[in-house]
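Q: Could you give me a close look at one residue of this model and its surroundings, and then follow the packing and backbone of the rest of the chain? Please state the cut-offs as you go.

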Amino acid sequence: LLSGEASIDLVGEATSGSQTIEKFKELRPDVLLLDLRMPDGGGMGALAAIRDAHRDAKVLILSSYGNEEEVYQALHAGAAGYLLKDAGREELLSAIHQVHAGKKWIQTSIQGLISQRANRPGLTPRELEVLKLLVAGLTNREISAVLGNSENTVRNHTISIFAKLYVSDRAEAVGAALQRGIVVPNN
């Protein structure tokens, strides 16, 4: 799609998170197009590592997934833009040029997700652990055994999770976690 574009030089490709980090260090592209779902550390791991080492890195997420948590987390981690893979050629080129110019780019169809997510409090790392275990189908007793907490502490975490996700029970929490991309299956 980009190889015939006169204003863009493709300097490399990577197929895993760790390979992306290495290629970025080696090639230092003006704009990095990054997929979030890839093996060996994934795109979010690559994004975090690249932005930690190179605060000026311009990263445009190009993903098949536009759920609110992934979009929010990517932008929060320092991505300059987010575009879905079903975008047309002109929109992709526009996004690349805008990010290259130091501007932000968020595809119109997912802009609303950012404002929805930004208005909700985030989960703590421990709440996220508990939520992942809820998604896996564990009971409070099983979660407390895995995390080394009391059942009461796990119950308190689940109550906080319900409040932050605006849900009323475990089933709704699991549904919200999967639908919003807070927990990604097989991750």
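**Surroundings of Thr20**

A: Leaving aside its neighbours within four places in sequence, Thr20 is in contact (heavy atoms within 4.5 Å) with Ala14, Leu32, Leu34, Met38, Ala46 and Ile50. This is a predicted model, in which local features need pLDDT of at least 70 and side-chain atom pairs count only at pLDDT 80 or more, while totals for chains, interfaces and linings use all residues. Residues are numbered from 1 along each chain as its sequence is written, and side-chain values use heavy atoms, with hydrogens and water left out.

Thr20 sits in helix α1, where helices (H or I, at least four residues) and strands (E, at least two) are DSSP runs numbered from the N terminus. With a relative accessible area of 5%, Thr20 is buried; the term means under 20%, against over 50% for exposed and in between for partly exposed, with a 1.4 Å probe and protein chains only.

Leu34, one of the contacts of Thr20, is also among the residues with the most contacts inside the largest nonpolar core, which has 21 residues. Such a core is a set of buried Ala, Val, Leu, Ile, Met, Phe, Trp, Tyr and Cys residues joined through side-chain atoms within 4.5 Å. Elements giving two or more residues to this core include α1 (17-27), β1 (32-34) and α2 (42-53). A second, separate core of 18 residues includes Val130, Leu134, Ile143 and Phe162.

The axes of helix α6 (residues 125-135) and helix α7 (residues 140-147), lines fitted to C-alpha atoms over the stretch in contact, with angles from 0 to 180 degrees between N-to-C directions, come within 10 Å and cross at roughly 130°. That makes α6 oblique to α7, since angles under 35 degrees count as roughly parallel, over 145 as roughly antiparallel, 65 to 115 as roughly perpendicular and the rest as oblique. Arg126, Glu129, Val130, Leu133 and Leu134 of α6 meet Ile143, Val146 and Leu147 of α7.

As for the backbone, most residues other than glycine have a negative phi. Arg28, in the loop between α1 and β1, has a positive phi near 45° and is partly exposed, with a relative accessible area of 39%. Tyr166, in the loop between α8 (151-165) and α9 (170-180), has a positive phi of about 60° and is exposed, at 58%.
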